[in-house]
Amino acid sequence: MMGMVQSTTASTPAPGVDGVDVIMRTGGAGLRERMIRTEHHLQRVTARAGAPLAAFANATIRAGGKRLRPLLVVLAAESAGGPPETAEGEERLVRAAAAVELVHSATLVHDDLIDGARLRRGHPTVAAAGGREVAVATGDLLFSLAFAELARNESTSQLCALSDASSALAAGELLQREDAYAAHVAVERYLRRCELKTAALFEAACRLGALAAVEGTRALADALGAFARRIGLAFQMLDDVLDVSGPVERTGKSRGTDLLAGTVTLPFILARERERELARFDLASLRDSGEAEALCERIAATGALDEARDRALAVVAEAKSSLPAILPAGRSALLGLVADVVVERYS
């Protein structure tokens, strides 16, 4: 069995310092160049789709967040010896990183449509700007572009990794719909939903990176995938904390937006266990954002947010301690910093 490191040598970013910027500075010119090429590739791919969908697809990509998933692809590849030292080897890595982000973007478009969201990171969603039909088509386009790009790598193992994650995403969405407004959801079922809906794509990112590398083995892909799965799980747990804690200036949406849509999240589950009245609360009774915000205040008053955050931080610690000891020290530290960036979203 692979040895595991208990900590990384890089320090956690100081408060107010963007962790991704720290990773990019520490990772060196090669990491920066690969991420820049990935960004340009994403914009070229969506622009080639043709009007009118290209405009919506490209806007979705440009409004992207920290690019954690493609960053994991590149860091995993560099941790496994890097891609073959050829132009095609570099292109294969960029295509894999872009494919993961395209799938992620597709899920955001569809999620916003399902949830009736008007804003995404402070910008109008595709559904709000173009309507339901355009949002469905844009999300479908992004999914198809992802697999078209990855198919060019001519790697069955890479296609299987992304297709498994995409199937998990769909299963997670169906599970979330099944549990909507439910009177009782066990923590274990909630965590399973998070693993399907969020963690699976994080895991696929590291798997794809390892598979695109010259020294990538199945065992290393498994180990890096397990690390990323924990990071993705913590990411979703903390995202659900943010839905309750806000504020709108940080999240781009009103507090309790997920609760208003009937999504039973970890803070609500834990708060129900702590307060008898909340245990009887019916999410379907929420009528507007004001009532959702009032419910968030009640959840926060139970101390459930601290417990949910502590559980997420424990998952992050597990992820960092699971990193294989055989990784180059510098890349192991950078992967640990990715874990810290997940926590940074809450701080």
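Some ground rules. Residues are numbered from 1 along each chain as its sequence is written. The model is predicted, so local features need pLDDT of at least 70, side-chain atom pairs count only at pLDDT 80 or more, and totals for chains, interfaces and linings use all residues, while side-chain values use heavy atoms, with hydrogens and water left out.

Confidence first. pLDDT is the predictor's confidence in each residue, from 0 to 100. The chain averages 89, and 93% of the residues score at least 70. Over residues 1-10 the pLDDT is below 50, although this stretch has 30 contacts in the model beyond near neighbours in sequence; contact means heavy atoms within 4.5 Å. Where pLDDT is low, predicted coordinates should not be read in detail.

Now the core. By nonpolar core I mean a set of buried Ala, Val, Leu, Ile, Met, Phe, Trp, Tyr and Cys residues joined through side-chain atoms within 4.5 Å. Buried is under 20% relative accessible area, exposed is over 50%, and partly exposed is in between, with a 1.4 Å probe and protein chains only. The largest nonpolar core has 106 residues, and those with the most contacts inside it include Ile 23, Leu 31, Leu 72 and Leu 224. Leaving aside neighbours within four places in sequence, Leu 224 contacts Ala 76, Cys 206, Ala 210, Leu 323, Pro 324, Leu 327 and Leu 335.

Next, a helix pair. Helices here are DSSP runs (H or I, at least four residues), numbered from the N terminus. How do α1 and α3 cross? The axes of α1, residues 19-47, and α3, residues 68-79, come within 10 Å and cross at roughly 90°. Those axes are lines fitted to C-alpha atoms over the stretch in contact, with angles from 0 to 180 degrees between N-to-C directions. The two helices are therefore roughly perpendicular, a label for angles of 65 to 115 degrees. On the α1 side the contact includes Ile 23 and Leu 31, and on the α3 side Leu 71 and Val 74. By class, this contact has ten nonpolar, two polar and two charged residues. Nonpolar covers Ala, Val, Leu, Ile, Met, Phe, Trp, Tyr, Cys and Pro; charged covers Asp, Glu, Lys and Arg; the others, Gly among them, are polar.

Two loop residues have positive phi without being glycine. Arg 67 has a phi of about 60° and lies in the loop between α2 (53-62) and α3. Glu 154, with phi near 55°, is in the loop between α6 (132-151) and α7 (156-178). Which is buried and which is exposed? Arg 67 is buried, at 9% relative accessibility, whereas Glu 154 is exposed, at 69%.

Asp 243 sits in α9, residues 218-245, and is buried at 1% relative accessible area. Outside four places in sequence, its contacts include Lys 253, Arg 255, Asp 258 and Cys 296. Lys 197 belongs to α8, residues 187-211, and is buried at 18%. Lys 197 and Gly 172 are 25 residues apart in sequence and 4.4 Å apart, C-alpha to C-alpha.

Last, Leu 278, in helix α13, residues 276-279. At 0% relative accessibility, Leu 278 is buried. Not counting residues up to four places away, Leu 278 touches Phe 268, Ala 271, Arg 272, Leu 295, Arg 298, Ile 299 and Thr 302.

Key: Angles under 35 degrees count as roughly parallel, over 145 as roughly antiparallel, 65 to 115 as roughly perpendicular and the rest as oblique.
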